[in-house]
Amino acid sequence: MTQETVAATTGAVLDREETISRDELEALQLSRLQHTLAYAYDRVPLYKRKFDEAGVHPTDLRELSDLGKFPFTTKEDLRLEYPFGMFAVPQHEVARIHASSGTTGRATVVGYTKKDLADWAKLVARSLRASGVRPGMKVHNAYGYGLFTGGLGAHAGAEALGCTVIPISGGQTERQITLIQDFKPDAILSTPTYLLTIADAMIKQGIDPASTSLKYAVLGAEPWTEEMRHELEVTMNLKACDIYGLSEVMGPGVAGECVETQDGSHIWEDHFRPEIVDAFSPAIGVDSVLGDGEHGELVFTSLTKEALPIIRYRTKDLTRLLPGTARPAHRRMGRITGRSDDMIILRGVNLFPSQIEEIALRIPELSPHFQLELTRPEGQRMDRLTVKIERRESVSVEQSATAAKVLQQQIKIHVGSSCTVDVVEPGTLERSNGKLRRIYDMRPKA
C-alpha cells in the first residue's frame, strides 16, 4: 500500500520514515545499530562486560545479520543493575524515570533523556494515527498513570498528534462511563479487557455501549485475540486496533496496527531492530535467529535511545515477523500468542490463556470472562486445569451446560489437553482495572 493510497483512504499524512523503501530502511538501521552498539559498549558497564565475555566488539557488526553474534539482554540483567546501572547518561541528563511494578521480583527501572521523550511521543503519535486517531479528536486515556509507562506514554503521544487528552487513568469504571457520556471522546486507549469491563458496566446501567461517541479503540499491554477484537467492535460499534510496547524497550508505541488493514502491528523499524529466536534456547549466534514467518520469542534492539540503550532484549512475547502491508518497509508482528513465562505445561502439553479465549469466544453462549485454575489434588502427581467462565446474560443454565461440554471438547481437540469447565453466573469473576490476571496457580509449592 503506497503513501498516496493511505492518504487517500485515511486522510493521514505519514512520517517520511513510514514511506521509505526497505533498502533505505535497512541502511538506516545498519548505521544506527553500529552507533548504538558502540555507544552502549562505551557507556554501560554491563554491556562492556557481556560483549567482552562473548568475545565480540561493536566493530564486528558489519551487516545486520551480525547482530546475532551479540549477547542477549534479559529482565534479570536490568534487575541486577537496579536502580540506575543500565543508564548511559549522567543523572542530570535523565528527564524522566519509569519502573515496573516489581510484583514478581525487583523492579526494572528505565530512564529517558529529553530526546528520548520526544522520540517516544512521536512514535506513539504515529501509532495512534495509524490506528485511525486524528488531530483534533478527543482521546479518553484509560491507561494507568504513574511509574507504569502506559498512561504518560499514551498521553504524550496523543498530545503530540494534536488531540485533546482526557487523562482519566485506570479504574473508577463508573466515572469512566460518566465522562465518556459527557465529554463524548472520539477514541479510547486502554487494555482490551478493561474496555470489556467498561462495556459490561454500561450494559448493567442500561446504556447501550454501541451508542457512545467512541469510534476508535487503541488497545495494548496484554495479549488479545481476533475473537476479542470482534467482541469489542460489535459490542461498542468502533474500530479496535493493537498498540505494542514494553517498558524496557520504550513503552507503548514500539509498534502499531493500521486501521485500514487491521492485520497486525507494524514495528517502527527506524527506531527498533526486531528478531525472532527460539523461545527456550539460551544459545546466541546468527544460527539461533529464526526467519520471518517462523514462530518464536520476540527480541528487540533499540536504535536511537540515549538514556537506556537496549541490546537484543528478550521480551518473552511469542509471535512471528511478517512482511509489511500498510507500511511496506516496516515488518509486522503476528498476534502475540502468549508469553513464554505465562505458558502452562499441563501433562506435557503447552497451553496459553489466549488459546482458551480464542476457542471460548467462538461459542455464543459463553462470555469473554474466564479464569484458569491449576490444581494438583493431594496424593496425585498430575495437574488439573479448571476453566471458570461466565455464561452470557441471555443464556439459561441448561444452555450453558451444553456450551461447557462443547468448550471442553474443543480444548481437547485444538490444544490437546483435558480440562474441567465450570460455567459460572454473569458478573462472578474478577473484572479488569488494567491488566487482567488470567492464571491462578493453586498447586502446592515445591
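**Notebook: strands, helices and one glutamate**

I began with strand E20 (residues 384–391) and strand E21 (residues 420–424), which pair in the parallel sense over five bridges. Two strands count as paired if DSSP finds at least two bridges between them. Helices (H or I, at least four residues) and strands (E, at least two) are DSSP runs, numbered from the N terminus. Ile 389 stands opposite Val 423 in E21. From E20 the chain passes through helix H12 (residues 397–414) to E21, and this β-α-β crossover is right-handed. Right-handed means that, with the strands pointing away from the viewer, the path from the first strand over the helix to the second runs clockwise.

I noted what kind of model this is: it is predicted, local features need pLDDT of at least 70, side-chain atom pairs count only at pLDDT 80 or more, and totals for chains, interfaces and linings use all residues. Residues are numbered from 1 along each chain as its sequence is written, and side-chain values use heavy atoms, with hydrogens and water left out.

**The sheet around E20**

I looked up the strand order next. Four strands form an open sheet in the order E21-E20-E19-E22, with mixed pairing. E21 and strand E22 (439–441) stand at the edges with a single partner strand each, so one side of each has no neighbour in the sheet. Direction ignored, neighbouring strands of this sheet are turned by 25° against each other on average. Strand E19 (residues 366–375) pairs with E22 in the parallel sense over three bridges. The bridge partner of Leu 374 in E22 is Asp 441.

Helix H11 (residues 353–360) packs on the sheet and touches E19, E20 and E22, and its direction makes about 145° with that of E19. Contact means heavy atoms within 4.5 Å. Axes are lines fitted to C-alpha atoms, for helices over the stretch in contact, and angles run from 0 to 180 degrees between N-to-C directions. H12 lies across E19, E20 and E21, running at about 150° to E21.

**Strand E5**

Which residues of strand E5 (residues 187–190) point one way, and which the other way? Ala 187 and Leu 189 point one way, Ile 188 and Ser 190 the other, and all are buried. Buried means under 20% relative accessible area, exposed over 50%, and partly exposed in between (1.4 Å probe, protein chains only). In a regular strand the side chains alternate between the two faces of the sheet.

E5 pairs in the parallel sense with strand E3 (residues 138–141) over three bridges, and Val 139 has Ala 187 in E5 as its bridge partner. Four bridges join E5 to strand E6 (residues 216–219), and the two run parallel. Leu 189 has Val 218 in E6 as its bridge partner. E5, helix H9 (residues 192–204) and E6 make a right-handed β-α-β unit.

**Glu 24**

I found Glu 24 in helix H3 (residues 22–43). Is Glu 24 buried or partly exposed? At 44% relative accessibility, Glu 24 counts as partly exposed.

**Whole chain**

I ended with totals. The protein chain has 12 helices and 22 strands. Along its principal axes the C-alpha trace spans about 70 × 60 × 40 Å. Of the 446 residues, 56% count as buried. Among contacts between residues at least 6 apart in sequence, 66% join residues at least 24 apart.
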